[in-house]
Amino acid sequence: MKKITNLIIFSVIAIFFGSAVFYGADEPAKRHPSYSLLGRDKPPADSPLNPNFVVSNEANIKESSLWRSSYIPDRLVGLDVADIDGDGRNELVYVTPHNVYLARRSGPILEQLATFSTENNITIVSVDLFDTDNNGKKEIILSAQYSDQTASSLVLAYNGSKELQLLVKNLSWYLRVTGPAGQRRLTGQKPSTNSNESYGGKPHYVEFKDGEIKSQGLVPVPRNINLYSFNIGNLGTQNTRLVAAIKSVDEHLTLFDTGGGKVWESPDSYAGTTNHIVLPTYREQSPNLVFLPTRLIIDDIDSDGINEIIVAKNNQGGVPFMKNLRSYNSGIIEARKFTNLSLVPFFNSANLLPGPAVDYVFQDFDNNGTKDLVVGVVIDTGSGMMRDGRSVIVGYIDLYSQKPEQEETAQPVATTRR
């Protein structure tokens, strides 16, 4: 009996100090080293991502070349790729709980351009890039939470200096950019005044004006769909307008029509992460961490005029019955097509070992005119002061192998997992 008791105690300690988030413990602010991140055209022997894709129903998705950053000594929260300075070239913004980094890929090198650090009592939970003033330059939209568990979001801009410019802070909204490519809109949701809930009311389309967030009307999504769990776009050969969402309880990927009717639901869970918002109170029977899913991307991957959905499927480890404890040991990225009222697998990556995807975008990362799949992978969430987190950014470069006009002469090929 004594041996069993000791074993249980040892297991709890191991989980507590392992790669999990436990009761929303604050992480100390860290700065990334000032040296440039070195990319690699080919993965090293211990690459966290296998570049080989398993392809379904499509011969033109290739085993794309793999780019990988150096290790980032912190836990990644999110990333995005867009033109920040209006020069026609895209930049990469990636964030950790207390730090923001602006960089641009130049050949194999990821050149760091600017940084920003929040106050220690403000924790970043997501990042998006959006042109709030229609000047051709994207601003950095940071959803963040204050230490008293209230929303305290920020907007940053790049003015050419080594420190990003703070345009506004203490916004009482959580913010996200939603919609398919070419139709993205700034979306927000206020935290709930009820101490046992995360959000108050439905998501809104919003605009940033005169240093304030102003509502432009409700987003047409079903009940209980929150800001971080959905995207809206046209899918299938009929360009059907659908809401793709991650259900809050079982995290099943679900499609709804514009009237709120369920069209399709996956049998498995998707998009799970350790990113979270903390509720201000905690009761023994209720969790005080609300975990945020990865983003759902709606875009035309193969340039055939029909959108696909890109989503992560991370493999959860640890002990799922503990409401405030979560860890993931690996994951994959899936793309699915909407066919015959179902989401049919289009392609998926091999395992993202040794960690899960926390965020990803489908944008032109290397500025060659072709979109790339850029993925942030958390290798180790860290354990507060005991151990730093560890992350890496991986790019599947030129994911689609042929131009649309070449498709008629393309010969089908068999692609298998190696």
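What follows is a conversation about a predicted model of one protein.

Biologist: What is the protein built from?

Modeller: It has one helix and 29 strands. Of its 418 residues, 54% count as buried.

Biologist: Why is the contact between R184 and D80 called a salt bridge?

Modeller: The cut-off is 4 Å between a side-chain nitrogen of Lys or Arg and a carboxyl oxygen of Asp or Glu. In R184 and D80 the closest N and O atoms are 3.7 Å apart. That is within 4 Å, so the pair is a salt bridge.

Biologist: Where in the chain do R184 and D80 sit?

Modeller: R184 is in the loop between β13 (174–178) and β14 (185–191), and D80 is in strand β5 (residues 78–82). They are 104 residues apart, so the pair links distant parts of the chain.

Biologist: Why is D80 called buried?

Modeller: Buried means under 20% relative accessible area. D80 has 1% relative accessibility, so D80 counts as buried.

Biologist: And R184, what is it called?

Modeller: R184 has a relative accessible area of 30%.

Biologist: Are R104 and E91 buried or exposed?

Modeller: R104 has a relative accessible area of 9%. E91 has 2%. Both values are under 20%, so both residues are buried.

Biologist: Which residues are linked with R104 and E91 in a network of salt bridges?

Modeller: D85, D87 and R89 are linked with them in that network. The structure holds 18 salt bridges. Side chains of opposite charge can pair when their charged atoms come close.

Biologist: What makes E265 and K247 a salt bridge?

Modeller: Their closest N and O atoms are 3.2 Å apart. That is within 4 Å, so the pair counts. E265 is in strand β20 (residues 262–269), whereas K247 is in the loop between β18 (240–246) and β19 (252–256).

Biologist: Why are E265 and K247 called partly exposed?

Modeller: E265 has 24% relative accessibility, and K247 has 25%. Both fall between 20% and 50%, so both count as partly exposed.

Biologist: What is in contact with A312, leaving aside its neighbours within four places in sequence?

Modeller: Its contacts are Y270, A271, T294, I332, I333, A357 and Y360. A312 is in strand β24 (residues 308–317). Its relative accessibility is 0%, under the 20% limit, so A312 is buried.

Biologist: A357 is on that list. What stands opposite A357 in β28?

Modeller: V377 does. β27 and strand β28 (residues 372–380) pair in the antiparallel sense over six bridges.

Biologist: Which strands make up the open sheet, and in what order?

Modeller: There are four strands, in the order β4-β29-β28-β27, with antiparallel pairing. β4 (65–68) and β27 (357–363) each have a single partner strand, so they stand at the edges. Neighbouring strands are turned by 20° against each other on average, direction ignored.

Biologist: What is the phi of D210, and why remark on it?

Modeller: Phi of D210 is near 55°, a positive value in a residue other than glycine. Most residues other than glycine have a negative phi. D210 is in the loop between β15 (199–209) and β16 (212–218). At 69% relative accessibility, over the 50% limit, D210 is exposed.

Biologist: Is E251 buried or exposed?

Modeller: E251 has 11% relative accessibility, under 20%, so E251 counts as buried. Phi of E251 is near 60°, also a positive value. E251 is in the loop between β18 and β19.

Methods:
Residues numbered from 1 in each chain as written. Predicted model: local features only at pLDDT ≥ 70, side-chain atom pairs only at ≥ 80, totals over all residues. Heavy atoms only, no water. Helix = DSSP H or I, 4+ residues; strand = E, 2+ residues; numbered from the N terminus. Buried < 20%, exposed > 50% of the residue type's maximum accessible area, 1.4 Å probe, protein only. Contact = heavy atoms within 4.5 Å. Pairing = 2+ DSSP bridges. Axes fitted to C-alpha atoms, helices over the stretch in contact; angles between N-to-C directions.
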